[in-house]
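Open the model in your viewer and keep the selection tool ready. This tour moves from the contact between two chains to a single annotated residue.

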There are 2 protein chains.
Amino acid sequence: MARIYNFSAGPSMLPEPVLRQAQQEMLDWQDSGMSVMEMSHRGKHFMAIAEAMRNDLIELLAIPSNYKVLFLQGGASAQFAMIPQNILNGKTKASYVNTGAWSTSSIKEAGKYCEVNIAASSEDSAFTTIPAFDSWAIDADAAYLHYTSNETIHGVEFSDVPDVGDLPLVCDMSSNILSRSVDVSRYGIIYAGTQKNMGPSGVTVVIVRDDLVGLAPRTVPAVFDYQQQAKADSMLNTPATYNWYLLGLVLQWLKQQGGIAAIEQHNVHKAGKLYQAIDQSTLYSNPVVKEYRSRMNVPFVLADAALDKEFLGLAEKSGLGSLPGHRSVGGMRASIYNAMPEAGVDALIDFMAEFERTH
Amino acid sequence: MARIYNFSAGPSMLPEPVLRQAQQEMLDWQDSGMSVMEMSHRGKHFMAIAEAMRNDLIELLAIPSNYKVLFLQGGASAQFAMIPQNILNGKTKASYVNTGAWSTSSIKEAGKYCEVNIAASSEDSAFTTIPAFDSWAIDADAAYLHYTSNETIHGVEFSDVPDVGDLPLVCDMSSNILSRSVDVSRYGIIYAGTQKNMGPSGVTVVIVRDDLVGLAPRTVPAVFDYQQQAKADSMLNTPATYNWYLLGLVLQWLKQQGGIAAIEQHNVHKAGKLYQAIDQSTLYSNPVVKEYRSRMNVPFVLADAALDKEFLGLAEKSGLGSLPGHRSVGGMRASIYNAMPEAGVDALIDFMAEFERTH
């Protein structure tokens, strides 16, 4: 059948030119006589692929030279444990901001390794906002402050970088990395799973400032010790080679789109259209405070939840896939990452208008 | 160019029909309108892929019902740390057998979490043999015994399963899983990275007996706690979905070859031919005790090491790739996993004979 518009929260839609190139090169990468997935990670072909991918990421995010860029496994979820294990550095406390399901998970996991200070939380408002920075109560003894820049389930996104002074700022950017400009130098650590804006699942990008590398105690597994992986070019264990290659193809595509400034403009435009359609309707609504609405994940509910099933069934028949909201919140959710074309958002808006007209 | 015979130790050659199917399905898996790598891991399409893959592995290895089968990340190297962390269960010692580079690495990592008893080692004989089982000195207080069934660098492979009584037997089968029949019920844990006989890199299969599940202390990261991942069908974090799919295609291919009994016969035949060619030559030699020669990784040296470079250069020009031995041992190494066709082994043997004739 024709390719659908896939609104999945991740793994999610990929740029079609990336898939076409991967398809074309599947059995023989650039006259090497091998698929990329068959190559030794130590061989010259794969080393070139890895080097180009790393350099493209550094270029796109303008990562300063005093940061290490690691490509690990285990997802952001593994980092929930590995961040405190790597950088507590003898301290016993860390500050966390709770703005939704993913920050809640990171807090739960960190609690195994240190005392967690909740510096701020929007739980009382059902995660529909971001707590004002001047209300945050950061523990003076915290080793770092952690927050989640975009929450996929609740559709809430930071619009600015919190100022935490000299305290290392740690951010889970899994769901909005590469979608908007970011000043990496404001951060101690940025980490992100690849399966939203960077490629298929299976790689975790960890960007870590040099002063936070080399603090891990001996009990941290070698493959999760930032220093050991940095020294080994993230090849202490066999990397997920094909996933690195696909990440590289997505980065090349992003450069062809004009880089982050261009894609950010595109994302603002796409999300603006969709929120406008929701706000102008009497059938659809989104509960998030406008300033903090996510450009990546747009949850919405129908005025009559009894219509949900019909809405989703008709949407799927119209080639609009993966629109059910997360089971914990219900309703609908349209994830519109970098790779979702404007035509996909337009098709959704048209479908929603027609559904409203007929219901 | 034409596809080469790729003797890489891993990531390594994959069956061409697997690559062709992946290529054909790249943009649209079975009329889903999506690439597998774009699918939500919770959606019906991917759930079906995952279920079929798991069932095929259980069928091929005849895994008894009292074992959990997990598909994790971080490679066997992550398991080097996670095995003691998961199953020490209050004990402070574990026994390890050292038969090469990979067991050495597993021992080093385990030493972070417990006292390691070296029950046996072939280090004194440069890892060219397997210590006789009746010489093993297993610590009475050990929580488990760990060994590596095949060493890729030294080319030495266990020909039988050690008998350790009631002690949980833990085996790193990364480089020979699915290449020979195995009685899973003899083991407490079998684990293996996928990048040799199972698919591309990026997945770690962990087969763990029920009594060893649920012993992890709270400090084990959730994504590496066998019990938590078993309950979550290995989806506690977003799995490496495309890698699962490719693993599934390789398993289907293996079933079409007649399963493990058939591929084992094929592997015995391929390795036998190559070792015979080496033994009959005056130029090539392999130092491993015959009974323990690996069927998967065949290291060999030239009588005159000055010829190595020319041998490797001419081999590459003849479409025989990735033949250099590991940098720690030098010489050559031909890795001939399940996916290496007999024609590839024949081409290597012919090349070696012609090289010997002309040098």
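The stops below go through a predicted model.

**Stop 1: the interface.** Select chain A and chain B together. On the chain B side, 67 residues are in contact with 67 residues of chain A. The area buried between the two chains is about 5000 Å². Carbon and sulfur atoms give 54% of that area.

**Stop 2: polar links.** Now show the side chains across the interface. There are 30 residue pairs in polar contact between chain B and chain A, both residues at pLDDT 80 or more. The salt-bridge rule finds 4 across this interface. For a salt bridge to look at, pick Glu316(B) and Lys44(A). Their closest N and O atoms are 3.7 Å apart.

**Stop 3: the chain B side.** Colour chain B by element. Which elements give two or more residues to the side that touches chain A? They are α1 (16-24), α3 (75-87) and α6 (241-256) of chain B. Next, colour that side by residue class: 28 residues are nonpolar, 26 polar and 13 charged.

Stop 4: Switch to chain A and select Arg42(A). The unreviewed UniProt entry has a "binding site" annotation that covers Arg42(A). Look for this residue in the loop between α1 (16-24) and α2 (44-61) of chain A.

Stop 5: Leave out the neighbours within four places in sequence. Arg42(A) is then in contact with Met47(A) and Met235(A), and with Arg327(B) from chain B.

Note on methods. Residues are numbered from 1 along each chain as its sequence is written. Chains are lettered from A and ligands numbered from 1 in the order in which they are written. This is a predicted model: local features need pLDDT of at least 70, side-chain atom pairs count only at pLDDT 80 or more; totals for chains, interfaces and linings use all residues. Side-chain values use heavy atoms; hydrogens and water are left out. Contact means heavy atoms within 4.5 Å. Buried area is the accessible area (1.4 Å probe) that two parts lose on being put together, summed over both. A salt bridge is a side-chain nitrogen of Lys or Arg within 4 Å of a carboxyl oxygen of Asp or Glu. A polar contact is a pair of N or O atoms within 3.5 Å; within protein, one must be able to donate a hydrogen and the other to accept it, and residues adjacent in sequence count only if both atoms are side-chain atoms. Helices (H or I, at least four residues) and strands (E, at least two) are DSSP runs, numbered from the N terminus. Ala, Val, Leu, Ile, Met, Phe, Trp, Tyr, Cys and Pro count as nonpolar, Asp, Glu, Lys and Arg as charged, and the others, Gly among them, as polar. UniProt positions are given in the numbering used here, feature names are shortened, and annotations may be inferred rather than shown by experiment.
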